[in-house]
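Here are my notes on this one, as numbered points. Have the model open while you read.

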Amino acid sequence: MSSLISPYCELKGEEILAGLRGIAVDPRDFVAYWVYLSTRDPFAVLVATLLSQHSTDRKALEVYRRLVQVVKNLSPASFLNCEEQELAEILRPAGLHRRKAELLRALAREVVDFDLKALGNLPTFEARRRLLKLPGVGPKTADVLLLHLGHPLFPVDTHIARITNRLSWAKGSRYEEIQKVWMELFSPKDYQEVHLRLIQWGREVCRARTPRCFTCFLRICCSFAKEEGRT
Ligand code: SF4
């Protein structure tokens with residue numbers, strides 16, 4: 001458990017984590033996490049994360065399960081043996097299906113001879129640099145996979161970005177500035193749990209349109225809540 005003192009708020013890391021534990025987390029609502037737990041396969045995690053872009057995790061999981069049935073063993077080679085149009089039809093429920101089919105096949109081509117598991121043994125900077133060169137892989141996707149492979153990185157999604165911006169804890173709204181906040185507040189062993197719980201907090205409490213500040217333990221140190229008179 002982290003006991004780092006926050007430079008942003010009177011709450012310590014462990015108090016923030018205790019607060020976030022106030023709502024339940026279901027692994028099926030986190031497609032990359034669920035896929036990693038079920039397969040331990042880095043390529044499957046990349047596929048799942050790519051499916052979840054511009055979609056919900058539940059929808060992405062539904063499409064992932066369908067993919068497992070149709071694209072046997074879900075390896076890069078099996079994607080290359082699949083017609084792009086057929087793939088796009090399977091991906092349709094997750095949105096942007098043609099673009100995702102194109103990206104998945106481009107990704108499969110790049111990693112067919114690439115040992116993704118070996119990224120776990122490289123220095124974090126180098127592993128991240130290699131991943132970011134792959135089609136469809138941005139900072140969040142790279143960090144999600146690298147965190148699963150044991151690297152001390154904190155992935156930032158739209159919910160985490162919104163919460164951090166409302167709290168005004170980051171120096172700016174760039175990905176790395178937001179990531180730094182949470183990496184300073186917690187020790188690496190807590191990154192996965194805090195990452196998942198913050199996303200759930202953003203879905204249920206710090207919602208985009210209607211934040212429920214009066215039920216949020218963070219309101220004592222939240223700029224948005226103070227400015228809006230919600231403390
Ligand atoms: S107090 Fe409101 S705006 Fe601030 S983090 Fe909580 S829900 Fe979000």
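1. The centres of domain 1 and domain 2 are 26 Å apart, taken over C-alpha atoms. Domain 1 covers 13-23 + 154-227 and domain 2 covers 27-148, with bounds from an automatic or database domain assignment. Where they touch, 13 residues of domain 1 are in contact with 11 residues of domain 2 (contact means heavy atoms within 4.5 Å).

2. Before going on: this is a predicted model, where local features need pLDDT of at least 70, side-chain atom pairs count only at pLDDT 80 or more, and totals for chains, interfaces and linings use all residues. Residues are numbered from 1 along each chain as its sequence is written, and side-chain values use heavy atoms, with hydrogens and water left out.

3. Around the ligand you'll find Arg166, Cys206, Cys213, Cys216, Arg219, Cys222, Phe224 and Ala225 (a heavy atom within 4 Å counts as near). That shell splits into 6 nonpolar, no polar and 2 charged residues; Cys, Phe and Ala count as nonpolar and Arg as charged.

4. UniProt, in an unreviewed entry, puts "domain: HhH-GPD" at residues 51-204. That span is 64% helix and 0% strand, and its end C-alpha atoms lie 22 Å apart (helices are DSSP runs of H or I, at least four residues; strands are E, at least two).

Notes:
UniProt positions are given in the numbering used here, feature names are shortened, and annotations may be inferred rather than shown by experiment.
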